[in-house]
Amino acid sequence: MTRLQRMDWPDNGTPDLPPAFLLAEAEVRLAAVRTALAGAGYQALVIYGDREHAANLHWLTGFDPRFEEAVMVVTPGDALLIAGNECLAYTVVSPLVAAGKVRTGLCASLSLPSQPRGSRRLWEWLDEVIPGGAKVGAVGWKWYGAEELPPGADPALALDIPAFLADPLRDRAGRVENATALFIHPGQGLRARVSVDDIARLEFSNHMAASALRRMVFAMQEGMTDFAAVEAARIGGLPLGCHLTFAMGDTPGLSGPIGDRIVKGKPASFNIAHWGSNICRAGWMARGPADLPTAAVGYLEDFVYPYARAMSDWCGMMRPGVPGGSVWTMIHDRLPPEFGITLNPGHLIGLDEWMSSPIMLGSDIPLASGMAMQMDVIPAHPGWGSTRMEDGYVIADEGLRDALARRHPNAARRCAARAGFMRRVIGMEVPDSLLPLADTCGIIAPWLLDPAQVVVL
């Protein structure tokens with residue numbers, strides 16, 4: 001029977017420092033990009049990145065633009081990384097640049113406003129490396145379907161890169177197509193599967209975010225400001241994957257701290273996200289049902305408990321070969337419309353908090369070994385507020401699990417311990433193919449002022 005049980009949250013120790021991104025790994029990725037380029041019939045691939053949309057560029061090179069924008073052009077025989085005034089020297093962080101496998105160029109127009117502009121122009125760099133009249137693929141951070149465009153428009157020509165890059169590309173090339181799906185399509189994208197080294201990096205990120213969220217939750221007390229609560233998290237030094245949120249009462253959920261104070265009887269939600277992780281929880285600033293307003297009566301029995309059971313079913317479906325559409329259907333069967341589930345119940349995660357998702361209505365894209373999945377099922381109700389158990393996982397077949405155990409045995413051990421806790425203590429259905437990346441996996445603590453009360457099935 002689903003109920004609350006008082007317990008300590010698990011602590012499986014601090015992961016080892018994640019493996020560095022080295023030249024051999026980067027060369028494999030560059031070769032894969034060239035293979036994809038040829039397969040799509042492109043003579044050149046142009047990858048755009050800025051502070052928020054750097055995931056594809058970083059995956060390939062280990063470099064992400066800071067303050068500025070950057071453009072990389074890959075051809076069958078050349079690779080050029082174009083950066084601005086402040087980032088040009090930083091490009092050496094890429095093992096490909098450091099080894100001379102990718103050359104660099106300065107384009108001051110990629111820099112901040114009012115900085116010196118005395119450099120080669122962007123179109124001059126493009127003219128040097130892209131053959132005239134070529135078929136070119138442009139990689140931003142999303143692609144578009146025909147239903148999103150005016151009637152008759154070709155989705156392949158709908159670019160998601162800035163006009164200052166798109167215009168000279170179209171002037172130089174014979175055809176410029178949106179090629180973002182080469183990187184992030186949930187079925188075939190280059191980034192849609194992770195390696196054993198990636199799993200170790202993801203685990204480190206999830207641990208950092210989950211540990212910070214745990215410190216924050218157990219520090220919460222009445223009268224504390226939301227700023228003080230976030231200070232108690234002691235967030236580590238990893239880059240943020242998305243904006244930190246902390247919202248109470250009627251404050252919109254994507255808000256950060258605003259100086260609001262914790263008082264009993266308010267719903268709340270918050271998240272801490274680094275590159276490769278997003279640990280999020282929601283519940284009530286309360287110690288028990290007596291602290292809830294009348295509109296929230298039944299919160300546990302009618303909202304939290306069904307959600308927890310549905311999340312157990314979600315875990316049970318995280319097996320290679322399960323169609324993404326089946327997961328969508330299951331969640332909407334278990335959680336009817338009053339739960340307010342509007343977005344995909346689960347998606348791929350990387351440096352970007354949301355890469356793409358095989359879990360869509362009617363999707364026949366199968367879940368696959370190597371998918372880094374975010375359990376991101378977000379209910380919302382006008383009276384009950386929300387509840388949440390949002391953490392990171394990796395789907396791994398026996399071969400990938402064995403490879404992880406050989407190369408990163410401590411990471412494999414911690415993932416197995418977390419899965420064991422979710423099965424034995426929480427009572428969730430967790431197949432061998434699902435690797436939980438954080439010690440918060442399986443934890444729903446609906447009363448945020450007494451978080452030792454945890455839902456068990």
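A pocket, on a 1 Å grid over the protein atoms alone, is an open set of points with protein on both sides within 12 Å along at least five of seven lines, whereas a cavity is a set of points where a 1.4 Å probe fits but cannot get out; lining residues have an atom within 4 Å of a point. The model is predicted, so local features need pLDDT of at least 70 and side-chain atom pairs count only at pLDDT 80 or more, while totals for chains, interfaces and linings use all residues. Residues are numbered from 1 along each chain as its sequence is written, and side-chain values use heavy atoms, with hydrogens and water left out.

**Stop 1: the second largest pocket**

Select F21, H58, D198, R201 and W275. Of the 30 residues that line the second largest pocket, these five lie nearest its centre. The space in this pocket is about 870 Å³, where a volume is the space filled by probe spheres set on the grid points, and points are joined across faces, edges and corners.

Next, colour helix 1 (23–39), helix 2 and helix 7 (196–219), each of which supplies at least two residues of this lining. Helices (H or I, at least four residues) and strands (E, at least two) are DSSP runs numbered from the N terminus. Which helix gives the largest share of the lining of the second largest pocket? Helix 7 does, with 5 residues. By class, the lining has 17 nonpolar, 6 polar and 7 charged residues. Here Ala, Val, Leu, Ile, Met, Phe, Trp, Tyr, Cys and Pro count as nonpolar, Asp, Glu, Lys and Arg as charged, and the others, Gly among them, as polar.

**Stop 2: the largest pocket**

Move to C242, T245, L254, N278 and E353, which lie nearest the centre of the largest pocket among its 49 lining residues. About 1,300 Å³ of space lies there. Helix 2 (55–61), strand 8 (245–248), strand 9 (266–272) and strand 10 (279–285) each give the lining at least two residues. Strand 9 contributes the most, 5 residues. The lining divides into 24 nonpolar, 16 polar and 9 charged residues.

**Stop 3: W284 and the cysteines**

Stay on strand 10 and pick W284, which is in that strand. W284 counts as buried because its relative accessibility is 3%, and buried means under 20% relative accessible area, exposed over 50% and partly exposed in between (1.4 Å probe, protein chains only).

Now show every cysteine sulfur. How many disulfides does the structure hold? There are 0 disulfides, a disulfide being a pair of cysteine sulfur atoms within 2.5 Å. C280 is in none, and the nearest cysteine sulfur, that of C242, is 8.7 Å away. C280 is buried, at 6% relative accessible area. C107 is likewise in no disulfide, with the sulfur of C87 the nearest at 12 Å. C107 is buried, with a relative accessible area of 0%.

**Stop 4: two loop residues**

Select Q115 in the loop between strand 5 (103–106) and helix 4 (122–129). Its side chain makes a polar contact of 3.1 Å with that of N85. A polar contact is a pair of N or O atoms within 3.5 Å; within protein, one must be able to donate a hydrogen and the other to accept it, and residues adjacent in sequence count only if both atoms are side-chain atoms. Leaving aside neighbours within four places in sequence, Q115 is in contact (heavy atoms within 4.5 Å) with E68, N85 and E86.

Then go to H185, in the loop between helix 6 (181–184) and helix 7. The side chains of H185 and Q188 are joined by a polar contact of 3.1 Å. Not counting residues up to four places away in sequence, H185 touches W143, A192, S356 and I365. From H185 to C87 the C-alpha distance is 29 Å, and the two are 98 residues apart in sequence.

**Stop 5: the cavities**

A search of the whole structure finds 2 cavities of 30 Å³ or more. For the largest, about 50 Å³ in volume, select W9, V217, F270, R281, A282, R388, I444, A445 and L448, which line it. That lining has 7 nonpolar, no polar and 2 charged residues.

For the second largest cavity, of about 40 Å³, select A308, M389, I426, M428, G442, I444, V455, V456 and L457. Its lining has 8 nonpolar, 1 polar and no charged residues.
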